[in-house]
Amino acid sequence: MEAEKMFSISAKTCTLKYNSQEGKGTILGSDTKYVIPIYQRPYSWSDEQLRKFLSDIFISFWGNDGNSFEEPMFIGTMQLSNKNACGEQDIIDGQQRLTTFLIFIKVMKEKFPNCDELKSITLDWLSTRVNNGKQQ
């Protein structure tokens, strides 16, 4: 195949905060700033999508019966650009899920202000350029 027609894909598995896998990619606590680029649609999840997403989180943690052992939750594939000189990556796919996590973490921090685990999570890792940042 001609060199100009070849491309490569760099993929890795990341978790939100803790990762014991090789490469140890995480979203929270990394130096990376994630940016929702201007060409993305505004946040549009409905109440139904939010309820399903949060239900999946709680079922993953407690199981269907409330007493099961926690299991990892697959939240889907995200596509990101390469990091730019400022350490930012554009979110090409996955911005609705990542934004929902940010909102969920913010609510949890407000609800449980004395939780050390939540105190350690900063909220400056996601920004948007959609609508010139009016939906920040």
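User: What should I know about the model before we start?

Analyst: It's a predicted model, so local features need pLDDT of at least 70 and side-chain atom pairs count only at pLDDT 80 or more, while totals for chains, interfaces and linings use all residues. Residues are numbered from 1 along each chain as its sequence is written, and side-chain values use heavy atoms, with hydrogens and water left out.

User: What makes up the secondary structure of the protein?

Analyst: There are 3 helices and 6 strands, taken as DSSP runs numbered from the N terminus (helices are H or I with at least four residues, strands are E with at least two). Along the sequence the pattern reads β-β-β-α-β-β-α-α-β.

User: Why are H1 and H2 called roughly perpendicular?

Analyst: The axes of H1 (residues 47–62) and H2 (residues 95–111) cross at roughly 70° and come within 11 Å. Those axes are lines fitted to C-alpha atoms over the stretch in contact, with angles running from 0 to 180 degrees between N-to-C directions. Under 35 degrees is roughly parallel, over 145 roughly antiparallel, 65 to 115 roughly perpendicular, and the rest oblique. So H1 and H2 get the roughly perpendicular label.

User: Which residues make that contact between H1 and H2?

Analyst: On H1 they are Leu50, Phe53, Leu54, Ile57 and Phe58, and on H2 they are Arg97, Thr100, Phe101 and Phe104; contact means heavy atoms within 4.5 Å. By class that's 7 nonpolar, 1 polar and 1 charged. The classes go like this: Ala, Val, Leu, Ile, Met, Phe, Trp, Tyr, Cys and Pro are nonpolar, Asp, Glu, Lys and Arg are charged, and the others, Gly among them, are polar.

User: Is Gln95 buried or exposed, and how do you know?

Analyst: The cut-offs are under 20% relative accessible area for buried, over 50% for exposed, and partly exposed in between (1.4 Å probe, protein chains only). Gln95 comes out at 5%, so it counts as buried. Gln95 belongs to helix H2, and beyond its neighbours within four places in sequence it is in contact with Ile36, Gln40, Arg41 and Pro42.

User: What makes Arg41 partly exposed?

Analyst: Its relative accessibility is 48%, so Arg41 counts as partly exposed. Arg41 lies in the loop between strand S3 (33–36) and H1. Residues up to four places away aside, Arg41 touches Gln95, Gln96 and Val130. Arg41 and Val130 are 89 residues apart along the chain, and their C-alpha atoms are separated by 7.0 Å.

User: And what label does Ser68 get?

Analyst: Ser68 has a relative accessible area of 35%, so it is partly exposed too. Ser68 sits in the loop between H1 and strand S4 (79–80), in contact with Phe61, Trp62 and Gly63 once neighbours within four places in sequence are left aside.

User: How many disulfides does the search find?

Analyst: The whole structure gives 0, where a disulfide is a pair of cysteine sulfur atoms within 2.5 Å. As for the cysteines, Cys86 is at 63% relative accessibility and so counts as exposed, while Cys115, at 29%, is partly exposed.
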